[in-house]
Amino acid sequence: MDVDILVPQLGNEIEEAQVDSWLKAEGDSVTAGEALVAITTPKLTMEIEAPASGTLKSILIPADELAAVGAVLGVIESA
Amino acid sequence: MFTAGHVSLAGRLRAAKPKDPAMPKEIAVDPALTRRPGSIELPPIPVHAYDRPFAAERAARGDAALVDVLRHMLLIREFESMLGAFKAQGAYAGISYLYKGPAHLSIGQEAAAVGQALALEPADHVFGSHRSHGEFIAKGLSAIARLGEPALEAIMAGHQGGALLRAVESHIGGGDTRARAENFLLFGLLAEIFMRANGFNGGMGGSMHAFFPPFGAYPNNAIVGASAGIAAGAALAKKLLTGDGITVANAGDGSTGCGPVWEAMNFSAMAQYDTLWTDQRRGGLPVLYFFTNNFYAMGGQTRGETMGWDRLARIGAAVNPAAMHAETVDGTDPLAVADAVTRKRALLVAGRGPALLDVECYRLSGHSTTDANAYRTREEMQAWQALDPIETFSARLVAHGVLEPDAVAAMKAAAAETIRAVTAAAVDPAIAPIVDVHADPELIGRLMFADAEIAVPAGEPVTLKPLGEVARIRQDAKKARFGLSETGEKLSAMRAITLRDALFESVLHHMAHDERLIAYGEECREWGGAFGVYRGLSELFPHQRLFNSPISEAAIVATAVGYALEGGRALVELMYGDFIGRAGDEIFNQMAKWHSMSAGALKVPVVLRCSIGSKYGAQHSQDWTALCAHIPGLKVVYPATPYDAKGLLASALAGDDPVVFFESQRLYDTTEHFHAGGVPTDYYRVPFGVPDVKRAGEDLTILTIGPSLYAALAAADELQATHGLSTEVIDARSLVPFDYAPVLASVKKTRRLLVVSEASERGSFAMTLAANIGRFAFGDLVAAPRVIGSPNWIVPGADMETTYFPQVADILDVVTGELFPEKKSNRRGVRGWDELDLARRAL
């Protein structure tokens, strides 16, 4: 089963975030709750945790690109 | 989003870990520890534990010092008796004088004041209450006794260019340096109480606001308990800036019912001084809360009636594990008080502050001269009369052979003669001139602001690591400085410098280059402020420069004022402007007034940032600019663009005056659309008071405050496109000060004015602007100036906000319906109400 990694709603006025860095590469195995990708909004920097365990199947928004709230950053193929 | 075998989950979030191991705050909340059963042990709080034999005091202090204790009490008693006589009989010692001001006397409490001062050094600073003549005189006499004669001569010669000293020498005399200095002290205070031009504070302070910093006598305060937070902030300056001495917050027992006093005590006891700060003078703030406990809060009885405590000292136990080293001491015995203050002072100097003393004494006089003593019995007063500190201390000196009875009588006569001579001079307008407002009607107006700025802070930045190692600074460095692309598209807040970033740049410059500046507020550190303005700053500055405060708005502002009065500079934040009420006295009476009440001697370089919210309803979305603009002594700005925000904040941080700096949460992500070249990377200042033409036009002037700028600009586009009307849009930027000239020049051309603001209309600053421009430009206007504000009801929830804050359609309705009736079209906005009826109902 594929699980999307989404940009969460980060506050009323925040519309998008920048991907700072992926802490995992495509094909890496990931554990639910593990820090996966660092993003920055105009207000703060944070890490998004893996929503499921499995393999990081694809990175859809690479580092330094912008992602709107709700956008799919990448996909995990769950174990 | 859901499909079979495919779910979308917003990832859980966690804060990015600080990369620098030196910086993370690690105060783990361990459930295993905090959930362990037990009980809280309180340290014992001594009550009247002083038992040193008089012989030991005599041996330690010497006879001359003990005689001076009596002499100082006699001078205070005589001084206050003189004031009481003027109030009651209009005459004292054959001198007739009508004194109209307040006289909150402390007759009976002299031992508390003199005992306190006996244990203090000149560099220790006392902050008083409304009943602090005694503490002022005692501290002054103590400083005079301790300072060297050259220092005293320099202080006296330096004050008012020596004018006060010359008046004393010509009309009172006094012989040697110390005697003249004592007369200087008493005359400077009395002239101030009479609000004369050569009073210590130029006649701007008076009885309840007298002070003289060179002797360590800092402001008294007409607001009960208000000195607590100010003394705590002054202690912060002693900890961080001077490293010298302690501060004393003088307050009465009644002030223990005041929230700001609790806030101040907690602020001075914050655990972070020990756990997180790395400054040289470790530990809690060196401030002594000295409660002159006379058992009455005006007419209400603290113990037994209005308070829950049985002993005032008990409240120390509520503040920290050390119970603030609290003690109850005998305030009728100057030596018991001095002993306690000496011991507390040693703790404070050792970094173990704050401390608390409950000093029990009795006010033999009324609260004020209109007090009929209806709230206490004759028997009680007689019982305490027997403990009159002057009589009991005199008796001890005589009993132990320090003084002969005749000598005591001679000292009383000498004190009376001193006060008589000082009084005769102070009532005489030829010696103590009346403040001549008739001759100089704007004299007081000129004292409202310093209107001075420091030089641009320069030199090597003092930061924990190079600026280039901070992620936020690196990210911002990649951003465009202008917010529109070459084709006019708005750039993302992630791709261009925002108003939030612009504020950060000015804060960073001042913080990095001026170590006197400290910044604090709720969530100011790891969180970077609730709205991320300070994001990244915590990597650069240690806790003593940038810290999380408790949720204590009163203490946040009061401590900033105290810190600034002592030579520091403070940048503090109230998360929402709606919390101004929580710091009402501190903003409106303290921050605003010490510059003018000191006739300019004190400066209050405090910048208070307040965000104005939206979407959070009635208590989190209010524009209270008018409240602040209404108060004399506050500068008020409300920028709406990144360029203005950066430049105005730099001016605020550079200025020597208190500033309330409003920011709209809706504009934090706004990028720069006006200033050619965008927001400059380098440091610059935008002067206060200059409204800025954001769009030129010929037919109509719209003057905006804050975010209404953007609604007005959109309306201007539509007025041009649909109606062929050319609109000039002017952004007020500043409310106090405000230069009307650019607006008057615009109105001369357009002949029509609309003022738009998001504040509730009634009593708003938009109304003030409209009224003044209507007056100044009456001949140029073809229609009365019009205001659109928010209606005079609560800010509704997020989905209803467009029915509340003025929108483009509301502006179009007024312009086409009222200012250009020939352009009238169907109403588009929500404001279909009967204006006259609403005005009648004050809605």
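Of the 843 residues in chain B, 60% are buried, a value that comes, like the others here, from a predicted model. Chain B contains 29 helices and 23 strands, and its C-alpha atoms fill a box of roughly 100 × 70 × 55 Å along the principal axes. Because a compact globule with 843 residues would have a radius of gyration near 28 Å, the 30 Å of chain B agrees with that expectation. Among the contacts in chain B with a separation of 6 or more, 78% are accounted for by residues 24 or more positions apart. The accessible surface of chain B comes to about 32000 Å², and carbon and sulfur atoms hold 56% of that surface.

Within chain B, helix α21 (residues 584-591) is largely enclosed by the rest of the structure, because 7 of its 8 residues are buried; among them are B:Ile587, B:Phe588 and B:Met591.

Turning to chain A, an unreviewed UniProt entry places the feature "domain: Lipoyl-binding" at residues 2-77. Over residues 2-77 of chain A the chain is 0% helix and 53% strand, with the end C-alpha atoms 5 Å apart.

| Strand of chain A | Sense of pairing with β8(A) | Bridges |
|---|---|---|
| β1 (residues 2-6) | antiparallel | 5 bridges |
| β6 (residues 54-59) | antiparallel | 5 bridges |

Terms used. Residues are numbered from 1 along each chain as its sequence is written. Chains are lettered from A and ligands numbered from 1 in the order in which they are written. This is a predicted model: local features need pLDDT of at least 70, side-chain atom pairs count only at pLDDT 80 or more; totals for chains, interfaces and linings use all residues. Side-chain values use heavy atoms; hydrogens and water are left out. Two strands pair if DSSP finds at least two bridges between them. Helices (H or I, at least four residues) and strands (E, at least two) are DSSP runs, numbered from the N terminus. UniProt positions are given in the numbering used here, feature names are shortened, and annotations may be inferred rather than shown by experiment. Buried means under 20% relative accessible area, exposed over 50%, partly exposed in between (1.4 Å probe, protein chains only). The radius of gyration is taken over C-alpha atoms; the globule rule is 2.2 Å times the number of residues to the power 0.38. Contact means heavy atoms within 4.5 Å. Accessible areas come from the Shrake-Rupley method with a 1.4 Å probe; for residues, only the protein chains shown count as cover.
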